[in-house]
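Hi,

Here's the structure I said I'd pass on.

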Amino acid sequence: MTTAATSNRNPDCITGPLAEAAQIAADVVEQESRAEGTVPIDVAKALETLPISIPQQGVGEAEAIERLRRVVMATPTTSGTRFFNQLFAGRERIATIAEALTVVLNQSMYTYKVAGPQVLIEREVLERMLAKASMTGGDAMFTPGGSLSNLAAMIVARNEMIPGAKEQGIDGRKHTIYTSAESHYSIRKNAGMIGVGRENVRKVAIDAHGRMDPAALASMIKADRADNKAPMMIISTSGTTVMGAFDQIEPIAEIAQQEKIWLHVDGAFGGSALMHTKHRDLLAGLDRADSFTWDAHKMMGVPLICSVALTRKPGLFREHFDETASYLYQQDFEQDHAWLNPGTRSLQCGRRNDALKLWALWQSLGDDGFAQRIEKQHALARHAVGIIESNDQLKLSFDPAWVNVCFEVAGKSTEAICDRLNTLGTLKIGHGVVFGRRVIRLVTIDPQIDEPDIDRLFRDILAVAANIEAADNIVD
Ligand SMILES: Cc1ncc(COP(=O)(O)O)c(C=O)c1O
């Protein structure tokens with residue numbers, strides 16, 4: 001209950017707790033910088049020792065803050081020099097500040113009436129991203145993640161490719177979607193959600209670099225047509241999850257055009273290559289794609305979640321996602337200002353503001369600063385490759401095109417090494433399957449780490465591997 005002392009009209013009501021939050025945050029940062037790492041809490045101990053359960057009677061704000069602190073301090077960090085487990089890591093100061101202010105503002109991004117200039121900020125960011133993607137004038141929206149940006153594009157593709165799908169639905173047994181064997185799992189999952197069906201996603205073979213084989217794609221489409229199927233969509237990946245491979249968009253776009261099939265590019269991970277003149281050629285042909293997914297919460301270091309879906313043709317999101325809601329969209333704008341009510345072209349109704357943190361970071365770094373981030377991420381990856389190539393105990397799985405460095409410790413179980421590193425609290429690093437072998441996946445995503453951190457990572461891996469029984473990493 002709000003008391004007089006904590007009245008919402010008292011500035012201390014917010015700035016006081018924010019100062020306490022800042023203190024807890026400082027403790028988090030101090031903890032993550034400890035040289036020895038942090039042992040993760042196991043489930044049983046977490047349930048036993050942390051104040052997880054919610055009491056019938058409130059404990060009051062002071063005690064709640066103390067409980068908050070204990071849970072926060074027991075939560076794994078994704079920043080610092082010991083987190084290599086995901087396609088995001090690290091912390092960009094200004095983006096974190098903007099995110100904190102977003103929470104204080106607590107906007108919902110559906111109308112100009114509620115969000116005011118935040119709508120203009122969002123539009124500025126989206127227009128810049130459209131321009132980078134060679135889709136100027138197209139449609140764009142923020143979504144709750146790359147999986148859902150892919151979903152938005154798949155819904156639009158379905159509706160555009162299958163007349164009547166939006167209003168009457170479809171019989172999913174006829175339509176097919178094509179994507180590489182290395183593509184993200186959200187594609188099959190989304191196919192199940194849009195009525196096409198998971199079984200109708202065709203996994204196209206990859207080449208030695210992990211890229212979709214265009215010839216295999218063409219023959220799969222041909223075979224499906226002969227089998228009375230209706231090929232609907234191709235999803236090319238720019239930056240695959242495990243290998244960091246970039247499908248060659250040009251030849252795939254050629255096939256899409258000839259076959260009159262929708263082409264989506266999933267650049268959730270690798271879309272940020274557009275921010276670097278040297279690397280943007282990895283997405284050559286994107287100007288021929290119909291839609292595009294791009295996550296700024298991966299390579300660009302913006303706090304989760306910050307993902308956009310873009311389309312080349314204007315107005316598509318409004319066309320496919322708008323629905324009347326007279327209780328909400330009350331401020332009428334002329335047709336060419338309809339974007340001032342972004343809720344009318346969103347997957348969501350209530351929607352958090354994911355643009356401000358990206359805008360703030362972009363203000364601070366400019367295009368050049370993002371390019372420098374990518375430069376450093378690549379330099380760290382090359383440093384890691386150098387270490388692997390100069391050590392007989394380490395085996396590089398392939399020559400990386402992006403910042404995914406996959407390797408094995410010769411004769412030692414990848415899985416056991418990663419598990420042991422985690423349980424000891426040394427560091428977090430994940431594994432994946434590459435050409436039938438389970439490999440360690442190092443992603444040098446955080447430009448705030450340095451070469452000595454990578455050196456230490458390999459020392460830690462080799463030290464742990466020395467105490468692990470011999471094993472092969474072949475996956476059946
Ligand atoms: C290629 C690719 N697409 C989509 C996604 C999904 O992104 P999100 O985790 O933001 O939903 C990922 C996540 O790793 C990815 O690697």
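This is a predicted model: local features need pLDDT of at least 70, side-chain atom pairs count only at pLDDT 80 or more; totals for chains, interfaces and linings use all residues.

If you box in the C-alpha atoms along the principal axes, you get roughly 65 × 60 × 45 Å. Buried residues make up 43% of the chain. In secondary structure, I count 15 helices and 12 strands. Also, if you take contacts between residues at least 6 apart in sequence, 73% of them join residues at least 24 apart.

Next, the domains. Domain 1 is pieced together from 33-40, 76-106 and 364-476, while domain 2 is the run 108-352. Their C-alpha centres are 28 Å apart. Where they meet, 24 residues of domain 1 are in contact with 23 residues of domain 2. On the domain 1 side, α4 (93-105), α13 (355-389), β10 (404-409) and β11 (428-434) each supply at least two residues. The biggest giver there is α13, with six residues. By type, that side of domain 1 splits into 14 nonpolar, five polar and five charged residues.

Now zoom in on helix α6 (residues 117-132). Its 16 residues should span 22 Å at 1.5 Å a residue, and its end C-alpha atoms are 23 Å apart, so that agrees. Just past the end of α6, look for Ser134, which takes a positive phi of about 55 degrees.

One of those covering strands, β7, is worth a look too. Five of its five residues are buried. Ser291, Thr293 and Asp295 point one way, with Phe292 and Trp294 pointing the other way. On its partners: β7 pairs with β6 (residues 262-267) in the parallel sense, over four bridges, and with β8 in the antiparallel sense, over five bridges. Trp294 is a handy landmark here, as this residue stands opposite Gly267 and also opposite Val308 in β8.

That's it from me. Happy browsing!

Methods
Residues are numbered from 1 along each chain as its sequence is written. Domain bounds come from an automatic or database domain assignment. Two residues are in contact if their C-beta atoms, placed from the backbone, lie within 7 Å. Ala, Val, Leu, Ile, Met, Phe, Trp, Tyr, Cys and Pro count as nonpolar, Asp, Glu, Lys and Arg as charged, and the others, Gly among them, as polar. A residue is buried if 20 or more other C-beta atoms lie within 10 Å of its own, exposed if 12 or fewer, and partly exposed in between; C-beta atoms are placed from the backbone. The expected span of a helix is 1.5 Å times one less than its number of residues. Two strands pair if DSSP finds at least two bridges between them.
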